[in-house]
Amino acid sequence: MYQEPPPQEKIHSIINLFANNKKQEAIDKVNALIKDYPKSSILLNLVGTFYKSIKMPDKAIQSFENAITIKPDYAEAYNNLGATLQELGRLNMAAKNYEEALSIKPDYAEAYNNLGNILRELGQQDMAFKNYEKALTIKPDYAMAHYNLGITLKESGQRDTAVKSLEKALAIQPNYVKAHHSLSSIKKFTKNDPQITLMQSLLSNSDLSQSERIQLCFALAKANENLGNQEELFEFLHEGNRLRKEELNYSLDNSKILSSTVKKMFSSTLSLSYEPSAIQPVFIVGMLRSGTSLAEQIIASHHAVYGAGELNTLADLIEPILNDHLAKDKHNLSAKTFL
């Protein structure tokens with residue numbers, strides 16, 4: 001049954017509310033509008049992006065899936081669903097949604113870029129390169145794709161080419177703080193480098209997030225180190241470290257409580273069934289700067305070993321379980337938890 005689309009002026013008004021940090025009001029209004037237009041895939045996709053932004057992934061996923069149910073060829077909803085799943089560490093499912101978006105909309109640069117990020121996380125750098133390049137063929141002024149390509153080139157040891165990609169990202173988007181920070185780590189600054197002036201100007205911007213300020217401080221510290229400006233180097237290092245410490249908000253007492261809770265949760269002996277696998281993990285454990293990366297490279301030189309790098313998979317899987325159990329004041333894990 002055909003339904004009139006919701007008024008565009010109302011949608012724009014809701015988007016403006018969210019953009020102006022009136023997030024809950026925007027969510028309430030779009031949900032009220034959905035009641036009047038229950039078959040509007042646009043509204044369902046919109047509220048999904050809102051939920052994703054405020055870190056409510058379950059509601060975001062449900063909204064995107066509802067949008068797709070109403071409109072099975074909704075490429076944007078598939079892309080947004082993929083991005084939400086990717087943030088949850090569900091990489092294979094995320095990749096499938098990006099691929100579905102591209103099957104519907106083959107010129108979807110954002111989906112190519114996002115799929116490239118997944119492949120990069122999975123260690124498939126060659127495929128990641130191809131997807132970033134496809135994104136840039138479609139959208140040459142796509143700063144984020146230039147940035148991601150630059151980071152992947154940097155990680156693969158192609159530093160000179162990485163510099164060019166990051167410089168392209170900044171040429172398109174001069175206020176791209178992450179690109180400034182990444183570029184600063186692999187280039188050597190010289191006197192009168194325009195990037196230094198630009199970073200200093202950006203740092204004076206009151207709209208920057210704390211994370212962006214931290215990145216700019218460390219980038220400017222690197223620039224002043226290259227120029228031999230010791231006083232300025234330590235000023236930026238001190239400020240960057242101060243802001244980072246504030247951002248981390250680390251508490252030794254909280255860490256002790258967390259460690260004690262984890263011990264309690266995993267203290268019981270469970271009989272778990274599992275499918276045997278020919279693939280066996282090798283864990284390399286050590287303190288920072290103790291040679292763990294070198295040990296991995298040596299082991300991975302064997303044809304039967306794949307070096308996966310520093311993975312967060314275990315932490316990503318366990319953290320939501322711990323948080324859920326702590327919220328419910330439960331301190332024992334059952335066999336069902338591991339299913």
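At 35% relative accessibility, Arg244 counts as partly exposed, a class that lies between buried (under 20% relative accessible area) and exposed (over 50%), as calculated with a 1.4 Å probe and protein chains only. Glu247 is likewise partly exposed, with a relative accessible area of 34%. The two residues form a salt bridge in which the closest N and O atoms are 2.6 Å apart; the term denotes a side-chain nitrogen of Lys or Arg within 4 Å of a carboxyl oxygen of Asp or Glu. Both Arg244 and Glu247 lie in helix α14 (residues 230-248), three residues apart, about one turn of the helix. Helices (H or I, at least four residues) and strands (E, at least two) are DSSP runs, numbered from the N terminus.

The structure is a predicted model, in which local features need pLDDT of at least 70 and side-chain atom pairs count only at pLDDT 80 or more, whereas totals for chains, interfaces and linings use all residues. Residues are numbered from 1 along each chain as its sequence is written, and side-chain values use heavy atoms, with hydrogens and water left out.

A search of the whole structure finds eight salt bridges. One of them joins the side chains of Lys52 and Glu87, at 2.9 Å from N to O. Because Lys52 belongs to helix α3 (residues 41-53) and Glu87 to helix α5 (residues 75-87), this pair ties together parts that are 35 residues apart in sequence. Lys52 counts as partly exposed, at 22% relative accessibility. Arg120 forms a salt bridge with Glu155, with the closest N and O atoms 2.7 Å apart. Arg120 is located in helix α7 (residues 109-121) and Glu155 in helix α9 (residues 143-155), so this pair also ties together parts that are 35 residues apart in sequence. Arg120 is partly exposed, with a relative accessible area of 24%, and Glu155 counts as partly exposed at 45%.

The search for aromatic pairs finds two in the whole structure. Rings of Phe, Tyr and Trp (its six-membered ring) pair if their centres lie within 6.5 Å; planes under 30 degrees apart count as stacked, over 60 as edge-to-face and the rest as tilted. Phe18 and Phe50 form a stacked pair, with 4.1 Å centre to centre and 5° between the planes. This pair links distant parts of the chain, with Phe18 in helix α1 (residues 8-19) and Phe50 in helix α3, 32 residues apart. Both Phe18 and Phe50 are buried. Tyr147 and Tyr176 form a tilted pair, at 5.2 Å centre to centre and 35° between the planes. Here Tyr147 lies in helix α9 and Tyr176 in the loop between α10 (159-172) and α11 (177-184), 29 residues apart. Tyr147 counts as buried at 9% relative accessibility, and Tyr176 counts as buried at 9%.

A nonpolar core is a set of buried Ala, Val, Leu, Ile, Met, Phe, Trp, Tyr and Cys residues joined through side-chain atoms within 4.5 Å. The largest such core has 62 residues, of which Ile14, Val30, Leu43, Phe50, Tyr147 and Tyr176 touch the most other members. A second, separate core of 17 residues includes Met199, Leu216, Ala223 and Phe236.
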